[in-house]
Amino acid sequence: MGFIINDNVTWVGKIDWELRKFHGEEYSTHRGSSYNSYLVRDEKTVLIDTVWAPFSQEFVDKLKQEIDLKKIDYIVANHGEVDHSGALTDLLREIPDTPVYCTANAVKSLKGQYHQDWNFKTVKTGDKLSLGKKELTFIEMTMLHWPDSMACYLSGDNILFSNDAFGQHLASELMYSDLVDQAELFQEAIKYYANILTPFSKLVDNKIKQIVGLNLPISMICPSHGVIWRDNPLQIVETYAKWANSYQENQITIIYDTMWNGTRLMAEAIAQGVKEADPAVTIKVYNSGRSDRTDILTEVFKSKAVIVGSPTVNRGVLSSIAALLEEMKGMSFKNKKAAGFGAYGWSGESPKDITEKLREGGFAIANEPLGLLWNPDAQGQEACVKFGRDFVANL
């Protein structure tokens, strides 16, 4: 079932090769994921987190092959979300009196989801749990990414069990950061940060400073999704510090949806203008009606500026653009500029609507919105090229 991390710690989680959507239908997981659970054995034995609910009974059955369940002295629930706590009901049916260590908010979450009054032991930052020769130190990770989140640190082995922080949705039998494809690893890591942790970047920055301030030696970071960071594990902490600080690359992302290609033609002409004005800038162009929304939001996170377009439909915008603008607002992106555009046949509200939604989402508006009647002719396309050139100039 599991694999041995060291003499004291065994991974006992589940690799989910089939997973393609997460958080309902919100998050795409093209490379699968894992639900990482860790068994720590000293004079006392502790299980840190479990797995997602669909794999609950499988998890318990395989855990029995690893250890007599009655020899588990403690359970740590770093986070109440069901992808981490989903096997608690089946597990605690077998060992009902086992103490569950978690934050006070996690007690509310777990009771609210499972309607069970388990043997909860609430902890806060700095509290310790002795395992014999070693001890666990608890660190609250409030809003990274739920109010109940925490991490725990194993002394002696110098392992940080970080739960959702520093994770990625990446299925791999290799399970270590230095063994997997580095491009895939960091693509999934930045996607994970962009879509899950961006709204809490200020808290991420403060928590990283707090962890560093504890002066704890860290030899390994074991998150609850994806691979374990063991070769220079602080590289992901340092990367998070950069991502949390109004991150941007030299990239402009153009996002549009279209009905009869007028807005598509505008998007492509605007991209031409951007390229003419700055040949060095990375340009990404996405049709939001045909592209993965999670991937688009990752590119927005990486960008210094975005340009968003839609035709006017029912005096508004197409649904894929409306949904994306709402998500962008919720992400609370910082230090990014934007502009809106669109083709229309009759009333023409979409460019102004998009611009206002971008402004509400915290984007600085670089250009007045551009609207063109019907499909752009040669003159209209030149107006789009100029729009792209002006946009770069206004950055």
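**Close-up views of a predicted model**

**View 1. Helix α10, residues 319–331.** Helix α10 comprises 13 residues and spans 18 Å from first to last C-alpha, close to the 18 Å expected at 1.5 Å a residue (1.5 Å times one less than the number of residues). Helices are DSSP runs of H or I with at least four residues, and strands are runs of E with at least two, numbered from the N terminus. This is a predicted model, in which local features need pLDDT of at least 70 and side-chain atom pairs count only at pLDDT 80 or more, while totals for chains, interfaces and linings use all residues. Residues are numbered from 1 along each chain as its sequence is written, and side-chain values use heavy atoms, leaving out hydrogens and water.

**View 2. The buried side of α10.** S320, I321, L324, L325, E327, M328 and M331 of α10 are buried (under 20% relative accessible area; exposed is over 50%, partly exposed in between; 1.4 Å probe, protein chains only). They cover an arc of only 165 degrees around the axis, which puts them on the same side of α10; the arc is that of the directions from the helix axis to the C-beta atoms. The buried residues of α10 pack against α5 (182–197), β17 (251–256), α9 (293–302), β19 (305–309) and α11 (350–360), with contact meaning heavy atoms within 4.5 Å. S332 follows α10 and has a positive phi, near 55 degrees.

**View 3. A104 in helix α4.** A104 lies in helix α4 (residues 104–114). Its relative accessibility is 46%, so A104 counts as partly exposed. The C-alpha atoms of A104 and T10 are separated by 27 Å, and the two residues are 94 residues apart along the chain.
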